[in-house]
Amino acid sequence: MRKTYQIDGIDCANCAAKLEDKIGKIKEVDDVTINFFTSKIVIESNCESDEQFSIVLEKIRELARKLEPDVTIN
Amino acid sequence: MKKNFRIEMVFTLIFAIIAFLIRQEFVSDVLYIIAYLIISFDILKKAIKNIFHGEIFDENFLMSIATLGALFIKEYPEAIAVMLLYKIGENFQSLAVGKSRNAIKELMEIKPDIANVKRNGNIDVVKPEEVQIDEIIVIKPGEKVPLDGVVVKGASMLDTKTITGESVPRTIKTNDLIYSGSINLNSVLEVKVTKKFENSTVSKILELVEDATSKKAKTEKFISKFARYYTPIVCILALLIATVPPIVFKMEFITCLYRALIFLVISCPCALVISVPLGFFGGIGGASKQGILIKGSNYLENLSKVDTVIFDKTGTITEGVFEIQKIVTNDISEDELIEIAAYGENFSNHPVAMAIRKKYAKKIEESQVNNLREISGKGVSANIFGKDTLIGNDKLLIENNVTFDEANEIGTIIYIAVDGQYKGYILIADTIKKESKKAIAQLKKENVKNIYMFTGDEAKIANKIAKLVGIDRCEAELLPDEKLKKLEQVLAKSSEKVIFVGDGINDSPCLARADIGIAMGAIGADAAIEAADVVIMDDKISKIKKAINISKKAMKIVKQNIIFAISVKIIILILGTLGMANMWLAVFADVGVSIIAILNSMRTLRE
């Protein structure tokens with residue numbers, strides 16, 4: 001399952017890279033890319049249903065909040 | 001520059017200057033520390049916060065340690081200057097990033113905002129997303145076409161530059177297909193919508209370009225790996241420099257600590273982490289402006305390393321439109337010959353069959369065709385109007401022992417025999433695109449050493465066309481699976497990257513298998529967008545050379561940035577170790593490199 005979201009509040013590319021690295025380590029996430037310039041995050045996960053995915057998305061949000069308090073993913 | 005930052009800067013400078021002027025040591029120190037705290041408060045705060053999140057190598061933390069270290073050894077002006085310069089640099093960086101973001105936004109400005117839709121006799125202005133298939137939309141001059149559709153009323157000129165990169169406006173009339181994102185130039189059009197907004201051309205393009213960065217290039221992967229190790233390594237080096245020389249060589253601790261702090265100042269790989277992805281993204285954006293959609297940074301990177309290009313013939317080198325060029329009869333009228341051929345080819349979707357039916361243009365009574373048998377690679381045999389008829393190539397006639405005059409023509413020749421008697425032939429040929437020859441010559445100049453043409457067509461025709469356009473190697477009479485096999489052979493042989501160029505619909509396996517699959521004229525054709533790695537929107541093979549140029553330019557800029565940033569850092573590290581650099585120089589170099597690298601990367605956006 002591949003989904004794209006708007007990600008705001010990242011103020012440096014290095015932070016984006018770090019966040020990308022950390023999110024990539026979540027078990028259910030196969031691949032993740034943060035495009036710093038278009039403020040988009042593309043998440044590729046092995047989830048099979050939308051419900052499963054929303055749990056993963058919550059995990060990602062929490063992780064992002066921890067690393068970069070200002071980050072929002074919509 | 002942020003307003004807060006300006007105020008901070010002013011107060012910091014005031015306090016620092018007063019501190020500098022006051023001769024009384026204690027008061028001066030206190031003022032310096034106040035100045036320092038004003039400028040670095042938010043950074044210190046972030047640093048402390050991040051420690052609790054286990055982020056030791058966070059750049060805020062490193063800058064804090066470096067400057068606090070400077071305070072500790074009573075280098076007050078230095079601590080303040082480093083923080084000040086660092087923050088000025090950050091501000092410039094976000095300015096530059098903001099600028100490139102805007103440039104990218106401009107590229108994405110093809111998205112239409114409104115659609116005028118006809119509903120119950122009124123014209124409603126709605127969002128393009130709300131329009132359904134088969135609704136009628138009205139497009140006024142100057143407006144963007146909001147959705148893909150067929151013109152039902154009106155004629156106009158269309159600027160398709162944002163979609164195809166083609167600057168000459170297209171003339172359109174009733175029944176023409178038009179694509180979202182182009183601009184209506186001179187008169188009102190009424191259009192029946194054929195696709196919902198999310199499937200429209202403009203949505204596809206935007207999605208492609210935005211997603212393109214998710215396929216990372218090798219260079220990008222290298223940089224993110226490098227960045228992950230760079231900071232910890234520099235920090236460990238700093239620790240060693242602060243501790244080893246004082247213990248082993250009995251050097252003065254303060255001196256060594258100062259040198260170690262210089263390391264911390266340049267421990268952020270920011271210059272690379274920002275400029276390299278920006279370089280790739282800019283290249284992809286610049287290409288899309290030219291009507292070349294590149295589906296990933298990896299393909300942009302590979303395009304610069306191409307030494308082999310394989311072309312499909314039909315629809316790529318040639319127009320892909322077959323027309324009857326000549327009819328030669330033997331004891332029969334031309335019309336009768338065409339009629340027999342049209343009946344025989346009634347069930348085939350081969351372009352040749354379609355050309356014959358187009359010429360005949362009358363209704364075909366299917367009951368007149370019996371025992372139709374398709375003989376693969378040869379033609380058809382059938383009973384038409386009660387007579388045994390053969391329609392096909394020379395092999396078919398030879399196999400059936402029909403004597404005939406062999407035609408010496410370039411093109412597809414369809415011989416016709418009725419009841420064992422030769423009745424004549426129809427010559428059908430495809431025209432070569434005007435720009436094919438020039439485009440191939442340009443590719444050769446770009447150091448593409450091997451150019452092939454693959455085709456299922458006859459060797460005689462294929463060789464002639466290859467020769468006319470300047471292609472040295474031609475593989476003809478290939479069945480679809482043989483095309484793939486031949487491609488595998490070329491891939492195995494080639495040391496550099498291999499491009500396969502096809503018209504997208506029937507060449508999907510080859511497009512997917514090649515290092516870079518380029519689909520031509522994908523406008524509207526979903527299958528092509530799906531299978532190919534690079535899509536050329538306007539059918540022009542000259543765009544391949546352009547794509548290679550854009551790729552080479554982007555790669556050059558990316559490499560310049562990598563070499564420049566890494567070497568400046570290494571030089572500062574060496575100078576710092578030897579005690580020949582101070583913190584001012586280090587922070588200046590660090591920030592300077594980032595800004596120059598970003599500005600350099602922004603050149604890829606311009607093409």
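Residues are classed as buried at under 20% relative accessible area, as exposed at over 50%, and as partly exposed in between (1.4 Å probe, protein chains only). The structure is a predicted model, in which local features need pLDDT of at least 70 and side-chain atom pairs count only at pLDDT 80 or more, while totals for chains, interfaces and linings use all residues. Residues are numbered from 1 along each chain as its sequence is written, chains are lettered from A and ligands numbered from 1 in the order in which they are written, and side-chain values use heavy atoms, with hydrogens and water left out.

A salt bridge is taken as a side-chain nitrogen of Lys or Arg within 4 Å of a carboxyl oxygen of Asp or Glu. Over all chains, the search of the whole structure gives 25 salt bridges. Glu190(B) and Lys153(B) form one of these, at 3.9 Å from N to O. Glu190(B) belongs to strand 9 (residues 189–193) and Lys153(B) to strand 4 (residues 149–153) of chain B, so the pair ties together parts 37 residues apart in sequence; helices (H or I, at least four residues) and strands (E, at least two) are DSSP runs, numbered from the N terminus. Glu190(B) is buried because its relative accessibility is 15%, whereas Lys153(B), at 52%, is exposed.

A salt bridge also joins Glu488(B) to Arg513(B), with an N to O distance of 3.1 Å. Since Glu488(B) lies in helix 17 (residues 480–493) and Arg513(B) in helix 18 (residues 508–513) of chain B, the pair ties together parts that are 25 residues apart in sequence. Glu488(B) is partly exposed at 32% relative accessibility, and Arg513(B) is partly exposed at 37%. In the salt bridge of Asp590(B) with Lys569(B), the N to O distance is 2.7 Å. This pair links helix 21 (residues 583–602) of chain B, which holds Asp590(B), to helix 20 (residues 542–577) of chain B, which holds Lys569(B), 21 residues apart. Asp590(B) is buried at 10% relative accessibility, and Lys569(B) is buried at 8%.

The contact between the chains (heavy atoms within 4.5 Å) takes 26 residues from chain B and 24 residues from chain A. The buried area, which is the accessible area (1.4 Å probe) that two parts lose on being put together, summed over both, is about 2,000 Å² for chain B and chain A, with 50% from carbon and sulfur atoms. Glu55(B), Arg101(B) and Ser214(B) lose the most area in chain B to chain A, together 25% of what that side buries. Two salt bridges cross this interface. In one, Asp21(A) pairs with Arg228(B), the closest N and O atoms being 3.7 Å apart. On the side of chain B that touches chain A, helix 2 (25–52), helix 4 (76–107), helix 6 (201–211) and helix 9 (270–289) of chain B give two or more residues. Helix 9 of chain B gives the most, with five residues.

Within chain B, an automatic or database domain assignment gives domain 1 (115–146 + 148–194), domain 2 (278–315 + 434–547) and domain 3 (319–431). Taken over C-alpha atoms, the centres of domain 2 and domain 3 of chain B are 33 Å apart. Six residues of domain 2 of chain B are in contact with nine residues of domain 3 of chain B. Between these two domains of chain B, about 700 Å² is buried, 55% of it from carbon and sulfur atoms. Thr314(B), Lys460(B) and Ile461(B) supply 50% of the area that domain 2 of chain B buries against domain 3 of chain B, more than any other three residues. Zero salt bridges are counted between domain 2 and domain 3 of chain B.
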